[in-house]
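Here's a quick briefing to read alongside the model. Have the viewer open, and let's start with a pair of packed helices.

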Amino acid sequence: MTAYNRRTLIVGVAVAAVIAGVVSYFASSAPDGLEKFQEDQGAAAPAYPTVEAPPIAFQEYNFNGLGEGFWANAVAGVVGIGLVLGILLGVGRLLRRRCPVAPVGDDRAATRP
Amino acid sequence: MHIASGFLSPPVWGTMAAVSGAALAGSLVVARRHLDERRVPLMGVMGAFIFAAQMVNFPILLVPGTSGHLGGGFLLAILLGAPLSMVAMTSVLVVQALVFQDGGLEALGANIFVMGVVPCLLGASVRGLWLRPQPGRLADILTFACGALGLVVSATGVILMLWLSGALPSAVSLAKAVLVMDSVHLLIGMVEGVVSVLVVRFVLATRREAVLGTVEPLGAGEVAA
């Protein structure tokens, strides 16, 4: 990996981790615009059968077993950004591998015979 | 603005799933041409950043008892173009729905539409302004305006979906529902607009090569796409 990309990853992950792991704990717990609208207008109850993922490891943005404190939120935030990052790096790598020709100016082009 | 489970009728969420699924499939096909080596890590960390930013609900001071959070698709599309930003926003929304019960599973397509397709197209439409050598005040102003507009369009979309699903309370007229949702989301959208300008300027200053990319045609072609 080039130094450029390593730096992108390190700085990006650090910023995201601070926001998801620390700053988000101090976020407003008030309902968001849509929830508030539904509550105020008396339409907060689902009208159809609900299909939600089971809370296997997380109860919303809290890690199960740690209650609802700082660390439950921090673990949720860090795991969440890790999952998104992992999926996107994986998808990115897959898509690039399937690309028949290295894009112009690509670092791979320089190393090709 | 994640639509929770149980509020959309099967025809509505089915249609939205089909539309968003088609948009994602198209994005994945086109994305290959947009992925040079520097953009894969940028896409990854920007997706992680948006997941993080969406966890931070800020109070809307003018509407007590209400909060809002960033959408992020708009800013991703400016930095990455429409196809890659669609891939990134879909990943964020899928993780939120599958792991954190944020947004109903059957409403995933609808949520991808309002927080992915709509803002990603709007962001891509102003991306060209930022690819110039010296983006000026015009880029700031149009980005702010389109960022705010995006949330209003999406909020209207959510209300229309609820209305089509028969999930609006009968006491509220459609017009009033749109007015209430749009005014709140205009305020959230103004925050989205300001944050988008600041983040785009920061990433452009530090990771210009990755933002510009080396593959896709720059300038007018990008706007048309």
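In helix 5 of chain B, the residues B:Ala110, B:Phe113, B:Val114, B:Met115, B:Val118, B:Pro119, B:Leu122, B:Ser125, B:Val126, B:Leu129 and B:Trp130 meet a set from helix 6 of chain B: B:Leu138, B:Ala139, B:Leu142, B:Thr143, B:Cys146, B:Leu149, B:Gly150, B:Val153, B:Ser154, B:Gly157, B:Val158 and B:Met161. Sorted by class, the residues of this contact come out as 18 nonpolar, 5 polar and no charged. Keep in mind that this is a predicted model.

**Helix 5 against helix 6 in chain B**

- Two packed helices are described by the angle between their axes and the distance between the axes.
- For helix 5 (residues 108–130) and helix 6 of chain B, that angle is about 160° and the axes sit 9 Å apart.
- The angle is over 145 degrees, so helix 5 of chain B is roughly antiparallel to helix 6 of chain B.
- The crossing of helix 5 and helix 6 of chain B is right-handed.

- Helix 3 (residues 70–97) of chain A packs with helix 4 of chain B at an angle of about 135°, their axes 10 Å apart.
- Helix 3 of chain A and helix 4 of chain B are therefore oblique to each other.
- This crossing, of helix 3 of chain A with helix 4 of chain B, is right-handed.
- On the chain A side you'll find A:Ala76, A:Gly80, A:Leu83, A:Val84, A:Ile87, A:Leu88 and A:Val91, and they meet B:Val87, B:Ala88, B:Ser91, B:Val92, B:Val95, B:Val99 and B:Phe100.

**The interface as a whole**

- How many residues does each chain put into the contact? Chain B puts in 62 residues and chain A puts in 60 residues.
- On the side of chain B that touches chain A, helix 1 (10–34), helix 2 (39–54), strand 1 (58–59), strand 2, helix 4 (82–100) and helix 7 each supply at least two residues.
- Helix 2 of chain B gives the most to that side, with 12 residues.
- By class, the side of chain B that touches chain A holds 38 nonpolar, 17 polar and 7 charged residues.

**The nonpolar core**

- The largest nonpolar core has 96 residues.
- Those with the most contacts inside this core are A:Val84, B:Met46, B:Ala48, B:Ala52, B:Leu76, B:Ala88 and B:Val158.
- Helix 5 of chain B gives the most to this core, with 13 residues.
- Zoom in on B:Ala88 and, leaving out residues up to four places away in sequence, you'll see it touch A:Leu88, B:Met43, B:Met46, B:Gly47, B:Leu76 and B:Leu80.

**Chain A layout and its helix 2**

- Chain A has 4 helices and 2 strands, and from the N terminus on its elements run α-α-β-β-α-α.
- Of the 113 residues in chain A, 27% are buried.
- Take the contacts in chain A between residues at least 6 apart in sequence: 46% of them join residues at least 24 apart.
- Helix 2 (residues 33–40) of chain A has A:Gly33, A:Leu34, A:Lys36, A:Phe37 and A:Gln38 buried.
- What covers those buried residues? The cover includes strand 2 (67–68), helix 6 (137–164) and helix 7 (174–206) of chain B.
- Just after helix 2 of chain A, A:Gly42 takes a positive phi of about 70°.

**Backbone spots to check**

- A:Glu60 isn't a glycine, yet its phi is positive, near 50°.
- A:Glu60 lies in the loop between strand 1 (58–59) and strand 2 (62–63) of chain A, and it counts as partly exposed because it has 13 C-beta neighbours inside 10 Å.
- B:Gln101 is another non-glycine with a positive phi, about 55°, and it is found in the loop between helix 4 and helix 5 of chain B.
- Is B:Gln101 buried or exposed? B:Gln101 is buried, with 20 other C-beta atoms within 10 Å.

- B:Ser183 has its place in helix 7 of chain B, and with 14 C-beta neighbours inside 10 Å it counts as partly exposed.

Conventions: Residues numbered from 1 in each chain as written. Chains lettered and ligands numbered in written order. Predicted model: local features only at pLDDT ≥ 70, side-chain atom pairs only at ≥ 80, totals over all residues. Buried ≥ 20, exposed ≤ 12 C-beta atoms within 10 Å, placed from the backbone. Contact = placed C-beta atoms within 7 Å. Axes fitted to C-alpha atoms, helices over the stretch in contact; angles between N-to-C directions. Parallel < 35°, antiparallel > 145°, perpendicular 65-115°, else oblique. Left-handed = near helix turned anticlockwise from the far one by under 90°. Nonpolar A, V, L, I, M, F, W, Y, C, P; charged D, E, K, R; others polar. Core = buried A, V, L, I, M, F, W, Y, C linked by C-beta atoms within 7 Å.
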